[in-house]
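Keep the structure open beside you and find each residue as you read.

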Amino acid sequence: MGQITLQGVQKSFGPVHIIKGADLEITDGSFVVFVGPSGCGKTTLLRLIAGLEDVTGGAILIDGRNVVDVPPAKRGLSMVFQSYALYPHMSVRGNIAFGLKMAGVAKDEINRKVEAAAATLNLTPYLERKPRELSGGQRQRVAIGRAIVREPKAFLFDEPLSNLDAALRVQMRLEVTRLQKQLGTTAIYVTHDQVEAMTMADKIVVLNGGKIEQYGSPLELYEKPNNLFVAGFIGSPKMNFVTGELARQQGATTIGVRPEHLKVERDGQGGWQGTVAVAEHLGSDTFLYVDAAALGMLTARYVGELDLHPGDRVSLIPDPARIHRFDDSGKSIHA
Amino acid sequence: MATQQTQLLARTLLTPAVALLFIWMIVPLALTIYFATLHYNLLDPGSESFVGLENFRYFLTDPAFLASLQNTLVLVGSVLAITIILGVPLALLLDQQVVGLSIVRLMVIAPFFVMPTVSALVWKNLLMHPVSGLFAWIAHLFGLPAIDWFNDAPLFSVILIVSWQWLPFATLILLTALQSLDEEQKEAAEMDGASAISTFIYITLPHLARPITVVILIETIFLLTVFAEIFVTTGGGPGLQTTNIAFLIYSQALIQYDVGSASAGGLVAVVLANIVAFFLVRIVGRNLEA
Amino acid sequence: MARMVTTRNKVISTAAAWLVGFLIFFPILWMVLASFKTELEAFAIPPSFLFFHWTTENYVTVQERSDYLHHALNSIIIAGGSTLIAMLIAIPAAWSMAFSPTKRTKDVLLWMLSTKMMPPVGVLVPIYLIYRTFGLLDTRSGLIFILCLGNLPIVIWMLFTYFKEIPKDILEAARMDGATIGRELIYVLTPMAVPGLASTLLLNLILAWNEAFWTLNLSTLEAAPLTVFIASYSSPEGLFWAKLSAASTLAIAPILVLGWFSQRQLVRGLTFGAVK
């Protein structure tokens, strides 16, 4: 079981409030991603759950038991660090076995479990090597192996893929997701990369300035962001925001339209008029950065190739059903 | 940033070291200040009396103090100049591609590991002895009269020995700094059309400015209190010609047993060292933040 | 470093470096040579460089004189003892400052450093009197104590800079893996810190072995280490140059070897991390 509940969790370092009261319900077996800009408190929140930091206030329940006074090792969680934090003087086998050894597990059982974990992660040929003899991806796998071998109630991942190159990152993303589904263990995963969040998570927690802005499934966040921050943070390229008269006509202070919900018409009438400033042709998609005079710079995404070039006049027609409206405090207005 | 439990443990572990160093600093220093205000001679026990600043007046106006202050400054200044002026080219040389570099490095560093009393005696007897020393023989080969080093140029002789001991230190630190100089910076300068000399002046030398400062400060702290080399070779003489502040205080304390005056002198030495230490601590402190 | 070097340049710099290295090393070499000469040859003019009667007689004589072994033993006990005690006090302190720093840690470190900058002559008088009062003059424990205190700031500093380089993540990983503080120290921190601990140990052995202010002032005979023993040859009447050379060679040989091993770490220790 790995049901984790946060109740009014607060953390301050001296006068600085890092976490300003977090409430969260993480159901057993789900993959939850904490995402937010740097300094939003996502790593701190993870470390509070891990027990590497003391909470200033509130409660953390693991399977219904408050663990705020329980040392990290006794919480039954395991963690994968951004730097992997492998023990440089131990072999891969030693690294994976260390937690079991500390728990006093019998030798042959340790060996059996380590070998099983290594087989799952394709590490069997490297068991006797030292971390420095491994590639980045292999080190990453060892760190994961160290986490799974203890059969924890939940995995904690602290930006584990940020040190890998782009191609490997996509591959490891898949592997981590598949492994988590296969084991059915709760996972909490911290990242600043919203693509990682969208692709991996069952549920996403968007954090900003020490507060939880929204908690929901990736599509909920995409379709129904609670506020301007979430609307702007989730989705790539970013949502376009328009203020002023146009927004007022819709009964809002700000309206937002995602680039993929703008229809592009060459020399069109109607809609929002502008001039193409930059056109990015990816083959599969075309991204247009359009200078729309008073509306500012707008981004539009077209699936497929669109033969437009800088200087061309275009009109952008927003899909009326996909316009997000925000009041003057930035909250979403739902019809 | 850790849990309270580990922080408490950390404070507990730090305490013995802090307490010991605090006592080590404060007790002798307080006693030195106290003794400095007393008339106190070990040969004349029972005559201790408070004399205020009399010892300072006596110590500071003593011609021996002025002479030894001058000797100290000449010694420190000369050794600094010699070790830096020779150390920079030597470090540059060792930074080149040299066959058997590791062996050359060992030979250059070796003098630093020789205990001061040994190096003083080797130089005094085997090299600088006016009759049987190697230098006398070399002078003889060129038809020159042998120099009686410790009588004719006593302070210079001490400077020579001390420089030999500290040249490896300066070289080693400058060499380490040179090796940390980004090769791409030099290559960029080369692409910009800089000659070897301009590269040295505009790239290498500015890079060495900080390590040179560090060498100067650390050497100064140790050179202010050079003792064993003088103790072994000249005993401060002839006359006061090689007496530096450290040796003067030693002779007042343990030869003339004048505790009061020696303590006053000790405080003067502390003040001198602190002026240097002030700058060194600032440099190290800045580095600690980076 | 893929710089083209012409053969001619390489020959010139090699020759220059070897020449300078030889000149700097020469006094030590000359001493070692003298230690294998007879007393007569040792101060003969003209001097003989290699073609003399090589003899190990001086070493035998020096070994046979029981006082040499006595002083050598003193050196070993004093240098070793003061270094070990300093390490025992410094390891927990450095560990605490490196892994659980506070706002004041930097100030504490700089203050510790500043105690090292106090000139020993400044406190010679009270230390001498305290030692006389408590009967610590010319005792090994007295010298161990003072050398330990003198080198403690350097030991703490070096260990601090080494510990600082151990990623905190790894210690936290061990904590997540269920290691107690004690086991964290034994299984994770110590093995990772061994290279740093070793070079700190070496540098401080060297410094303590060669220390020649307190040893000269606070010991005369019983507790006198080799620095004092060698200094006693300075009196002009005992012109035993060959034997002096043999004794000196023995006194510096072990430290030269240790020093050569630790030369790379030396810079860090001696500059308090200001030059890397």
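1. Start at A:Val32. Its opposite number in strand 9 of chain A is A:Lys203. This is a predicted model, so keep that in mind throughout. The two strands involved are strand 3 and strand 9 (residues 203-208) of chain A; they run parallel, and four bridges join them.

2. Stay with strand 9 of chain A. Which way does strand 10 of chain A run against it? Strand 10 (residues 211-216) pairs with strand 9 in the antiparallel sense, over five bridges. One facing pair to look for is A:Ile204 and A:Gly216.

3. Look at the turn next. Strands 9 and 10 of chain A make a hairpin, with two residues between them. A:Gly209 sits in that turn, and its phi is positive, about 55°.

4. Strand 4 (residues 57-62) and strand 5 (residues 65-66) of chain A supply its strands. Two bridges hold the antiparallel pairing of strand 4 with strand 5. A:Leu61 has A:Asn66 as its bridge partner in strand 5 of chain A. Two residues lie between these strands, and A:Asp63 takes a positive phi near 50°.

5. Strand 4 of chain A also pairs with strand 1 (residues 4-13) of chain A. That pairing is antiparallel and has five bridges. Find A:Leu6, and you will see A:Ile60 of strand 4 of chain A opposite.

6. Chain A also has an open sheet of three strands. The order is 11-12-18, and the pairing is antiparallel. Which strands stand at the edges? They are strand 11 (240-243) and strand 18 (324-326) of chain A. Each has a single partner strand, so one side of each has no neighbour in the sheet. From one strand to the next, the twist averages 25°.

7. Check one pairing in that sheet. Strand 11 of chain A meets strand 12 (residues 254-257) of chain A over four bridges, in the antiparallel sense. A:Thr243 has A:Thr254 of strand 12 of chain A as its bridge partner.

8. How confident is the prediction for chain A? The mean pLDDT is 90, and 100% of the residues of chain A reach 70 or more. Among the elements of chain A, strand 3 (residues 31-35) has the highest mean, 95. Helix 9 (residues 245-249) of chain A has the lowest, 86.

9. Turn to chain C. How many helices and strands are there in chain C? Chain C has twelve helices and zero strands. Its C-alpha atoms fill a box of roughly 70 × 70 × 35 Å along the principal axes.

10. Chain C touches chain B. The contact takes 87 residues from chain C and 88 residues from chain B. On the chain C side, helix 1 (residues 7-35) of chain C gives the largest share, 16 residues. That side of chain C holds 67 nonpolar, 17 polar and three charged residues.

11. Now zoom in on one helix pair across the contact. Two packed helices are described by the angle between their axes and the distance between the axes. The axes of helix 1 (residues 4-36) of chain B and helix 5 (residues 105-116) of chain C come within 10 Å and cross at roughly 40°. These two helices are therefore oblique to each other. The crossing is left-handed. Helix 1 of chain B brings B:Val18, B:Leu21, B:Trp24 and B:Met25, and helix 5 of chain C brings C:Val108, C:Met112 and C:Thr115. By type, six of these residues are nonpolar, one is polar and none is charged.

12. Helix 1 of chain B also packs on helix 6 (residues 124-133) of chain C. Their axes are 8 Å apart, at an angle of about 100°. That makes the two helices roughly perpendicular. B:Pro28, B:Leu31, B:Thr32 and B:Phe35 of helix 1 of chain B meet C:Val125, C:Pro126 and C:Ile127 of helix 6 of chain C. This contact has six nonpolar residues, one polar and no charged.

Terms used: Residues are numbered from 1 along each chain as its sequence is written. Chains are lettered from A and ligands numbered from 1 in the order in which they are written. This is a predicted model: local features need pLDDT of at least 70, side-chain atom pairs count only at pLDDT 80 or more; totals for chains, interfaces and linings use all residues. Two residues are in contact if their C-beta atoms, placed from the backbone, lie within 7 Å. Ala, Val, Leu, Ile, Met, Phe, Trp, Tyr, Cys and Pro count as nonpolar, Asp, Glu, Lys and Arg as charged, and the others, Gly among them, as polar. pLDDT is the predictor's confidence in each residue, from 0 to 100. Two strands pair if DSSP finds at least two bridges between them. Axes are lines fitted to C-alpha atoms, for helices over the stretch in contact, and angles run from 0 to 180 degrees between N-to-C directions. Angles under 35 degrees count as roughly parallel, over 145 as roughly antiparallel, 65 to 115 as roughly perpendicular and the rest as oblique. A crossing is left-handed if the near helix is turned anticlockwise from the far one by less than a right angle, and right-handed if clockwise.
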